[in-house]
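Student: Please take a close look at the aromatic ring pairs in this structure. I would like one connected account.

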Amino acid sequence: MSTPTRRMTVGQALVEFLANQWTVDGDVRERTIPGIFGIFGHGNVAGLGQAIKQLHVEQPGLLPYHQARNEQAMVHQAVGYARMHRRRATYAATASVGPGAANMLTGAALATTNRLPALLLPSDTFATRTTDPVLQQIEMPHDTSVQVTDAFRPLSRFFDRVERPEQLFSIALAAMRVLTDPAETGAVTIALPEDVQAEELEVPVAFLAPREWHVRRPLPEHGPLARAVAAIQAAERPVIVAGGGVLYADAAAELRAFVEATGIPVGTSQAGGGALHWDHPQYLGGIGATGTAAANAIAAQADVVIGIGTRYSDFTTASRTAFQHPDVTFVNVNVAAFDAYKHGTQLPLIADAREALVALTGSLASYTVSDGYATEIADRKRSWDALVDDAFAPTGAALPGQSEIIGAVQSACDPRDVVIQAAGSLPGDLHKLWRVRDELGYHVEYAFSCMGYEIAGGLGVRRGAPDRDAIVMVGDGSYLMLHTELVTAVAEGLKIIVVLIQNHGYASIGHLSETVGSERYGTRYRYLDDATQSFDNGEPLPVDLAANARSYGVDVIEVEPGTGAIDDLRAAVRQAKANEHTTLIHVNSDPLVYAPDGDGWWDVPVAQTSTLDSTRAARADYEQHVAAQRPLLG
């Protein structure tokens, strides 16, 4: 019996295949690839471009196409969408040969670092090499097979190139396996030579039929579970580090049940923000370099650290200074063995976060922390909450500090609104100050901390959760990196709210520059001073970012400096929420007014020798912190 087939191009077969993939996670079933982003050029306009057009004509709405203004931003949108869907769904993104493909590299690195799925379809030059070299082709004399897309190899969790039409079937299936695997997911890249995209082949109808990918939720094994339980039962001062894996496993309720039964306190990584609501008695806020004083004080004396779904970045461990107990032990719960074994632990629990929490709660039914420890947890939380209240209180200064701005935005938001951020000083301040009231309400991309992510990521959040307001907070430095997706928001009628904080420079790196003795060199947006050949002494630039946003068709509200700026900002956020379209709020700040100190540290090496007094002083301070670093072997 012959197998039914259809004659199609590689591009046509691929887009129809993608439109029929489904992710199943328990009772949840949704399209794995609900749409595709594309910027067309000579590498994909006749292949995937034609295929997307044809599918739109034949089966409208099956795989919706969306424009973008930058290839990197396409991937950012896919990542923002994927997080809101707990990694069950993401977008595909196609780019042309050469610079179009290369523009996606930053997005690939961001997706992989964040353990979030994104399907990338960059184009390649001719597989036949009949036309060689083509426009925008890299030529490597030592290896003429190397293409721009080879740069995706170290940035992707899966990479392959369809060099012959018949390879499409095995490559597409392998790509989907990785894309939907919680332990493997990240950037998944299928490179597509431009001639192969347009070539014809016999496609089995079965390849195009709906296919389900069931999300693996591995149970903890008996032995590792028993050892983890024994370690926790022996603990006097345990602490939980909750990461993004808690949210991707949809395990917030299970975490809450576990800590309410045991009394164990929780600090969250940036990705774990929302795992517990801010006012939960066991929640001490962010932990690590940008964490709260409450969480870091408890972490410093913890004898057992229970990491759940965290990759333990240097910010989470405060560059390995956060956990100072001489016999600290790590119990690492993670679906990925790579992360579960970090810090030399002998107690990895390789399992789904939700399943592991259920098992731990049942096995620790008789365990609770001591009354003295519980009292200390409550006292430290109370003290930190009071500090945040003070930081949010308006000072009446003409230029408010960032803490006041965050407080004003927070007060005007609804619990289910989502705050989006990625780079600069805002991630640190939000980690310490933002009071998360919904498990998906905090979206700070801080694994890659990519400048320019915010607006594109905010669009992805809005696509993924159209019933929520997406509140993008961004500094002027990051805004200037990638603001053109505001045009996408206008074109599609996608509503986001952008709070643009004007610092006249790089506020975060300026502060860091001071701490390492470089005195904010090169971090101010100023005219070049001819006499000193420096940007430090020139007048501020007359750049009008509000006018820039307005030129895209965005509604703009400008908060003028003055004693009432914070009240005006609150009103502006409320107005933006009432609007049906994208609104940008422009507010000036004083970048030298800092948030409360959370007693965290980040390792940025300081010059060992210098003629600058500021650098020598910074080196002395640096050496004191380095002395507190520990290998964290569990």
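**Aromatic ring pairs**

Tutor: This is a predicted model, and of the 634 residues of its chain, 60% count as buried. The chain holds 24 helices and 23 strands. Its radius of gyration is 25 Å, close to the 26 Å that the globule rule gives, so the chain is as compact as a globular protein of that length. Among contacts between residues at least 6 apart in sequence, 77% join residues at least 24 apart.

Now to the rings. The count comes to 11 aromatic pairs. In one of them, the ring centres of phenylalanine 40 and tyrosine 65 lie 5.4 Å apart with planes at 20 degrees; the pair is stacked because planes under 30 degrees apart count as such. Phenylalanine 40 sits in the loop between strand E4 (36-38) and helix H2 (48-58), and tyrosine 65 belongs to strand E5 (residues 65-67), so the pair ties together parts 25 residues apart in sequence. Phenylalanine 40 is partly exposed at 35% relative accessibility, and tyrosine 65 is partly exposed at 31%.

Another pair is formed by phenylalanine 315 and tryptophan 602, with centres 4.6 Å apart and planes at 45 degrees, so this pair is tilted. It links distant parts of the chain, 287 residues apart: phenylalanine 315 is in the loop between strand E15 (304-308) and strand E16 (329-334), and tryptophan 602 is in the loop between strand E23 (583-588) and helix H24 (613-626). Phenylalanine 315 is buried, with a relative accessible area of 14%, whereas tryptophan 602 is partly exposed at 34%.

Ring pairs also join Phe17, Phe169 and Phe207 into a cluster.

How values were computed:
Residues numbered from 1 in each chain as written. Predicted model: local features only at pLDDT ≥ 70, side-chain atom pairs only at ≥ 80, totals over all residues. Heavy atoms only, no water. Helix = DSSP H or I, 4+ residues; strand = E, 2+ residues; numbered from the N terminus. Rg over C-alpha atoms; globule rule 2.2 N^0.38 Å. Buried < 20%, exposed > 50% of the residue type's maximum accessible area, 1.4 Å probe, protein only. Contact = heavy atoms within 4.5 Å. Phe/Tyr/Trp six-rings, centres within 6.5 Å; stacked < 30°, edge-to-face > 60°.
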